[in-house]
Amino acid sequence: MSPADSAHGAGLGSLHIDAASDRPPYEQVRVGIIDLIADGTLLVGERLPTVRALATQLGVAANTVARSYRELEAAGVIETRGRMGSFIKAGRNDALDAGFAAATTFVETARELGLDDQVIVEMVTRALGRT
């Protein structure tokens with residue numbers, strides 16, 4: 001697994017299913033993701049884990065997570081981009097979202113130029129030292 005893959009949905013570590021809850025698991029996942037967006041843990045443009053990966057992490061059936069993702073997509077909270085995966089579409093639209101969007105654009109451009117992740121991180125570190 002690449003560093004980029006391990007970062008997908010890193011903010012979902014605090015998401016869990018309460019077996020004793022009256023709320024169905026798919027609803028707990030849906031509301032949990034919305035809460036993580038609201039508190040800034042998940043940002044616009046951030047990739048979510050695959051349905052299977054999140055289901056394994058949470059100890060639920062893949063269909064449970066798939067239903068949550070479908071409902072989130074229908075509500076315009078996430079978008080699925082085919083084989084690329086599912087991404088946060090709607091967020092708080094604050095400085096964190098704007099910063100993440102700028103960082104994503106920078107990384108995409110740097111990779112298109114053929115730079116590897118280590119060089120990209122070194123460039124950011126150097127830029128931080130100049131400001």
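**View 1. In which handedness of crossing does H5 pass H6?**
H5 passes H6 in a right-handed crossing. A crossing is right-handed if the near helix is turned clockwise from the far one by less than a right angle, and left-handed if anticlockwise. This is a predicted model: local features need pLDDT of at least 70, side-chain atom pairs count only at pLDDT 80 or more, and totals for chains, interfaces and linings use all residues. Residues are numbered from 1 along each chain as its sequence is written, and side-chain values use heavy atoms, with hydrogens and water left out.

**View 2. Helices H5 and H6 pack at an angle of about 130°.**
H5 covers residues 95–112 and H6 covers residues 117–130. Their axes lie 10 Å apart. Axes are lines fitted to C-alpha atoms, for helices over the stretch in contact; angles run from 0 to 180 degrees between N-to-C directions. The angle of about 130° makes H5 oblique to H6. Angles under 35 degrees count as roughly parallel, over 145 as roughly antiparallel, 65 to 115 as roughly perpendicular, and the rest as oblique.

**View 3. Residues of H5 meet residues of H6.**
H5 brings Phe106, Val107, Ala110 and Arg111 to the contact. H6 brings Asp117, Ile120, Met123 and Val124. Contact means heavy atoms within 4.5 Å. By class, there are six nonpolar, no polar and two charged residues here. Ala, Val, Leu, Ile, Met, Phe, Trp, Tyr, Cys and Pro count as nonpolar; Asp, Glu, Lys and Arg count as charged; the others, Gly among them, count as polar.

**View 4. Helices H2 and H4 pack at an angle of about 50°.**
H2 spans residues 25–38 and H4 spans residues 62–74, with axes 8 Å apart. That makes H2 oblique to H4. Their crossing is right-handed. Among the contact residues are Tyr26, Arg30 and Ile33 of H2, and Arg67, Tyr69 and Leu72 of H4. The contact of H2 with H4 has seven nonpolar, two polar and four charged residues.

**View 5. Six helices and two strands make up the pattern of the protein chain.**
Along the sequence, the pattern reads α-α-α-α-β-β-α-α. Helices (H or I, at least four residues) and strands (E, at least two) are DSSP runs, numbered from the N terminus. Of the 131 residues, 29% count as buried, meaning under 20% relative accessible area with a 1.4 Å probe, protein chains only.

Technical notes. Buried means under 20% relative accessible area, exposed over 50%, partly exposed in between (1.4 Å probe, protein chains only).
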